[in-house]
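Hi everyone, thanks for coming. Let me bring up the structure so that we can walk through a few parts of it together.

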Amino acid sequence: MASAHAVEPLKVQGNQILANGRAASFAGNSLFWSNTGWGGEKYYNARTVAWLKNDWNANLVRAAMGVDESGGYLSDAAGNKARVIAVADAAIANDMYVIIDWHSHRAEQNQPQAVAFFQDMARRYGNTNNVIYEIYNEPLQVSWSGTIKPYAQAVISAIRAIDPDNLIIVGTPTWSQDVDVASRDPIRGYANIAYTLHFYAGTHGQFLRDKAQVALDNGVALFVTEWGAVNADGNGGVATAETNAWVNFMKTKKLSNANWALNDKAEGASALKPGASVDGGWTASQLTASGTLARNTIRGWSGSAPPPPPPPPPPTGQQCNWWATRYPLCANTQNGWGWENNKSCISSNTCLNEQPVPPYGIVQ
Ligand code: MG
C-alpha cells in the first residue's frame with residue numbers, strides 16, 4: 001500500500017489513464033535537452049524539481065535526455081544518465097511523476113543502446129509508481145508500422161521483462177503529431193501503453209486536435225509530453241487564443257501534459273529569462289511570457305488530481321454489537337430481529353436483553 005503522499009500507479013484503460021481507479025490528468029514541466037554543454041542541463045537538480053512542485057504545483061517533470069546530438073547520451077552516457085537520475089530521485093522525493101524521455105529524432109538507429117538504457121532505468125525505478133518511460137521523443141516523417149512500431153516493441157519487451165506495469169509512452173510520426181496513424185495499428189500484447197502527442201500553439205491548431213480526437217475515438221490513450229505556447233521551432237510570441245483552446249482540449253479529454261521547456265535559453269519557448277537561478281526561487285519578473293502562462297496553467301490544472309472519493313453514507317445511527325458482528329438497529333421493530341433496507345436488523349430491546357455486557361450491545 002502506498003504511503004499517504006506517494007503517487008498512485010497509472011493504469012491505461014481504453015483511451016484514459018487512471019490513477020486510483022479514476023481517469024486523471026497531471027500537469028508539469030519538461031526540462032530542456034540534457035546534453036552536456038547545451039545550457040539546459042544546469043536545471044537537472046533536486047532544488048529546481050522541488051521548486052516546481054512547491055511553487056508551480058507541478059505533478060510531473062520530464063527529463064529530456066538527449067541521445068545522438070552533440071553532448072548527448074551516446075557521447076556522454078555518464079553525464080546524461082546522472083542528470084536523469086538526479087531528476088528522477090528528486091521527483092520521487094517530492095511525490096511527483098517523472099518522465100524519462102529518450103529525446104531523439106532517430107531512435108531506431110540506436111535501438112540496442114535504448115534497450116540497454118531502459119533496462120537500467122527499469123531495474124532502478126520499476127518498483128516505484130513515479131517513473132514513466134518515454135521511449136522515443138519525436139520520430140521524423142518515417143513509417144509508424146514499418147519503423148517506429150518495431151523499435152517500440154523491442155524496447156517495450158525489454159522493459160516489461162523487468163517492470164511489468166509502469167506507463168510507457170511511444171512517440172508517433174511527424175514529430176509526435178500522427179497519433180491517428182498510430183491508433184490505426186496500435187501496439188498489442190502489453191498493458192499500460194500510451195502515445196505521444198506534441199503541439200505548439202503558434203503552429204498547430206484545430207487540425208491537430210482533430211487528429212488527436214481520431215486517436216481517442218480509436219481507443220488509444222494519449223500523453224502530451226511536450227506542449228508550447230509559441231511556434232514549433234521554439235521561437236515566436238505566445239499564441240494566447242490557440243493555447244487556451246489546447247488547454248481546454250487537454251482538460252476536457254484528461255490529457256496529462258508537460259510544458260516545453262524549463263530553461264533560460266533566449267527563445268520564446270523558454271519558461272525562464274536568461275540567468276535565472278538554477279535552484280528555483282524565481283520571481284515573476286524572471287519568468288518569460290511563455291513561462292508565466294505555463295505556471296498559471298500548471299498551478300490551475302483542475303485535472304491534476306483525481307476527484308475526492310464519494311462522501312460516506314449518512315450515519316445510520318446506532319448498531320448492535322452481536323457477538324462481535326455489527327447489525328443495524330431496526331427502526332420499525334421493537335422486539336426480535338427484522339429485515340430493513342435489504343438486510344437484517346436487530347431491535348433495540350433484543351439487543352439490550354441479549355447482549356448486556358460491553359463491548360457488546362448497542363454501540364455507535
Ligand atoms: Mg512497476
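First, some ground rules. This is a predicted model, where local features need pLDDT of at least 70, side-chain atom pairs count only at pLDDT 80 or more, and totals for chains, interfaces and linings use all residues. Residues are numbered from 1 along each chain as its sequence is written. Helices (H or I, at least four residues) and strands (E, at least two) are DSSP runs, numbered from the N terminus.

Let's start with helix α8, residues 240-253. Its 14 residues reach 20 Å from the first C-alpha to the last, close to the 20 Å expected at 1.5 Å a residue; that expectation is 1.5 Å times one less than the number of residues. Which residues of α8 are buried? They are Thr243, Trp246, Val247 and Met250. Buried here means that 20 or more other C-beta atoms lie within 10 Å of a residue's own, exposed means 12 or fewer, and partly exposed is in between, with C-beta atoms placed from the backbone. Just after the helix, lysine 254 has a positive phi of about 55 degrees.

Now the strands. An open sheet of 3 strands has the order β13-β12-β16, with antiparallel pairing; two strands pair if DSSP finds at least two bridges between them. At its edges are β13 (325-328) and β16 (361-363), each pairing on one side only. Between β12 (residues 319-322) and β13 there are 4 bridges, and cysteine 320 has tyrosine 327 in β13 as its bridge partner.

Elsewhere, β14 (residues 337-340) and β15 (residues 343-346) run antiparallel, joined by 4 bridges. Their hairpin has 2 residues between the strands, and asparagine 341 there takes a positive phi near 55 degrees.

Finally, the backbone spots. Most residues other than glycine have a negative phi, and most peptide bonds are trans. Yet the bond from tryptophan 260 to alanine 261 is cis, with omega near 0 degrees, and alanine 261 lies in strand β11. Proline 358 and proline 359 are also joined by a cis bond, with omega about 5 degrees.
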